[in-house]
Amino acid sequence: MSPVILLRRLLIPALLLFIPAVVPAVAQVPPKGPYVPGQVGSKPPGGTADHGKFEALKQDFKSGPEVTKACLGCHTEASHQVMKTLHWNWDYTNQRTGQRLGKKNVINDFCASVTSNEPRCTSCHAGYGWKDATFDFRKPENVDCLICHDRSATYWKNPTGAGHPLYTPIMRDGQVVTPAPDLGKAAQSVGLPGRENCGACHFYGGGGDGVKHGSLDSSLLAPGKQLDVHMDAKGLNFACTACHVTQKHQWDGSRYDVHTRDDKGQPKPGQRRDVATCESCHGLKPHKSWSVTDLRLNAHVDKIACQTCHVPSFARGGVPTKMRWDWSTSGRLRDGKPFQIRDDKGRPIYESIKGDYLLAENVMPEYHWFNGEIIYANAERVFDPAKAPIPINPISGSPDDPKARIWPFKVMTGKQPYDSVQNHFVYLHVFGPTDAAYWRGFNWDKSISAGMAAMGLPWSGKFDFIETKMFWPQTHMVAPKEQAVKCGECHRTDGRLATLAGFYMPGRDSARWVDLIGLSLIGLALAGAVGHATMRLLFGRRKETHS
C-alpha cells in the first residue's frame, strides 16, 4: 500500500476536525383516490368554518368564475392578494439582478416559452381564461380559488382550456369517458392547500408527471419515509405550506430568486421568514450530538447545502424525470401522421411533435457552487454558438464566494432552435389551431415567426439547433438520515465531488504538506506504540525478576 493511500485511510478521520470543510405546462388529471388527510401546514389544520354548510356554496355552478364570485362574498380581499403574486402574474423582476423573469418571459429547454401557447400552458395558471394577450389580470372573478383550496379530490383543469375546468363531460359512443368536475362539491370542500393542490401543477410541469423538476412528482402525494422524511404520509405528513409559508397568498420560495442560506437560522414553522430554507427550522448546527462525526458535519454547513447530503438522488419514487429533450429530431411522420415510440415500460421516448427524450430514475445529482444568483435566458441574450452547450440559466458561485455553497442539481440537456444569424434563443409557437403552431404544421419557420411576433421581437429568419443545458436545484425528496450521503462518497478521488474544482478536500486531493504531516503523525503513532510495547515488556520482566 502506498504511503499516500495509507495516509488517507489513517490520517483523514483525525484531521477532519481541524481542516475546513472546503477551502477557497401540463395536463391535470383527476386525482386517484381521496386526498391524504391530516397534512401539516404553516397554519393549524381544522378551522372555524365548515364550507359545506354555507348556502352561498350550495349552487349549481356553471363556471369557475361563478364559484370565485361566491368565495369573494366572504373573502373580500383574497383576489386582490392573489393578483400581487408570481402565481398570478407569471411576471417578476429580480431586485438583485434587475432581470425581468417569470414564466411568461423566460425561455426553457422544455416547450421553450409560454407566450403564444397560453391556452395550453395556462392550464397551470391560478386563474380562468388566459388564452392570449387580451386576458384581464384585474378581474377578481378570474382568480381560481379551487385549484389551491379544493379538498374533494374532484376538481381539475382542462389541459387545453386556458385555465378553465371542463364544464361538460367528454362523451364517446354515448358513454362518459371524462366527467366534468362537480363545482358545487368542490366549493363546499375547500380547506387549506395540501400536496395534491400544489402538485396539480408543480408535479406535472414541462409536459408530464415528474418531467421538469426531478424531485417533484406524483410519488410525493402519499410518500413513505424512505422517499421524503417531511412529507411521509404516515409520519410528519407535511403539506408544501409547512416550509413554503405564506402571508396574504404570497408564498416563500422561488426558483427565480433562490436564497442558498439562512444565516440567522431562527424562525420556526408557521412564522414568516424571507425564504424557505432548511436552516430556518433546523438551525446552523443541525447535527445535535457531540460525536466527532456530528461536530464535523456541523462544520460542513458553512459551505455545503443540507440538500447535498440529504437528497442523495432524485426521481426515486418510481416516476422518471426527463434528462434530455432533442427538438431537432421532431417532425418525423409515419404515413403522413405523427407517431410515438415507447420504452419497455410504455413511456414515450420519442414523439413527432417533440422529438427524442431521455428518461431516468434514481439519478445522482450534479454538484456546483451556487450563491442563489441565476440569470435566465431570453431572446435579448446573445451567445457564442461555439461555446455550446449554452446554459439557459447560468448559475453563479465559487469556493471564494461567502454566499455560495455546494448544491445538488438536475442538469437538463437539450437541443433547441435558435436564431443562427443573431445568435440568440427564439420563442416558439407550438400549440394552436393554425399551421403556424408547430404541433400542427411541423414548420419551424412559421412556428418561430409566430412566437417572436407574439413577443414583439424581430428575428433574422434563419435558425439552427444548438445544445443547451438548464440547472434545476434539488431540494425535495429528503431521505432519512440513514440514507444520507456518506463521507466516503465524496472524500475519495472518484467520489461525487470529483470534478468540483477550486478547493482542497481531504481524501480526494493530494497536498504535499498534508502528506508530510500525516506521515509524521503516523510515524509518531507507530513509534509511540512500539515504545509503549517495549516499556511494558521491560517493566514486565523487572516485575518477574523482583518477585
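This is a predicted model: local features need pLDDT of at least 70, side-chain atom pairs count only at pLDDT 80 or more; totals for chains, interfaces and linings use all residues.
Figure 1. Strand 7 and strand 10 (residues 355-360) run antiparallel and are joined by five bridges. With strand 13, strand 7 pairs in the parallel sense, over three bridges. In that pairing, R324 stands opposite T413 of strand 13. Strand 7 spans residues 321-326, and five of these six residues are buried, so the strand is largely enclosed by the rest of the structure.

Figure 2. N393 has a relative accessible area of 1%, and because the cut-off for a buried residue is under 20%, N393 is classed as buried. A polar atom of the N393 side chain lies 2.8 Å from the backbone oxygen of F471. When neighbours within four places in sequence are left aside, the residues in contact with N393 are I374, I375, Y376, K469, M470 and F471.

**Figure 3. The aromatic pair of W88 and F135.** The aromatic pairs of the model number 23. In one of them, W88 and F135 have ring centres 5.7 Å apart and planes at 50 degrees, a tilted arrangement. W88 belongs to helix 4 (residues 86-89), whereas F135 lies in the loop between helix 5 (118-121) and helix 6 (146-149), so the pair ties together parts that are 47 residues apart in sequence. Both partners are buried: W88 has a relative accessibility of 0%, and F135 has a relative accessible area of 9%.

**Figure 4. The aromatic pair of F370 and W407.** The planes of F370 and W407 meet at 80 degrees and the ring centres are 5.8 Å apart, so this pair is edge-to-face. F370 lies in strand 11 (residues 366-370) and W407 in strand 13; the pair links distant parts of the chain, 37 residues apart. F370 is buried, with a relative accessible area of 0%, and W407 also counts as buried, at 6% relative accessibility.

**Figure 5. An aromatic cluster and two lysines over ring faces.** One aromatic cluster is formed by F110, W325, W327, Y357, Y438, F442, W444, F463, F465 and W472. K212 lies over the face of F110, one of the residues of this cluster, at 5.6 Å from the ring centre. A further lysine, K103, lies over the face of W90, at 5.1 Å from the ring centre.

**Figure 6. Helix 2 and the elements that cover its buried residues.** Helix 2 comprises residues 64-72, and seven of these nine residues are buried, so the helix is largely enclosed by the rest of the structure. The buried residues are G64, P65, V67, T68, A70, C71 and L72. Among the elements that cover the buried residues of helix 2 are helix 3 (78-82), helix 6 and helix 7 (183-188).

Note on methods:
Residues are numbered from 1 along each chain as its sequence is written. Side-chain values use heavy atoms; hydrogens and water are left out. Buried means under 20% relative accessible area, exposed over 50%, partly exposed in between (1.4 Å probe, protein chains only). A polar contact is a pair of N or O atoms within 3.5 Å; within protein, one must be able to donate a hydrogen and the other to accept it, and residues adjacent in sequence count only if both atoms are side-chain atoms. Contact means heavy atoms within 4.5 Å. Helices (H or I, at least four residues) and strands (E, at least two) are DSSP runs, numbered from the N terminus. Two strands pair if DSSP finds at least two bridges between them. Rings of Phe, Tyr and Trp (its six-membered ring) pair if their centres lie within 6.5 Å; planes under 30 degrees apart count as stacked, over 60 as edge-to-face and the rest as tilted. A charge sits over a ring if NZ of Lys or CZ of Arg is within 6 Å of the ring centre and within 35 degrees of the ring normal.
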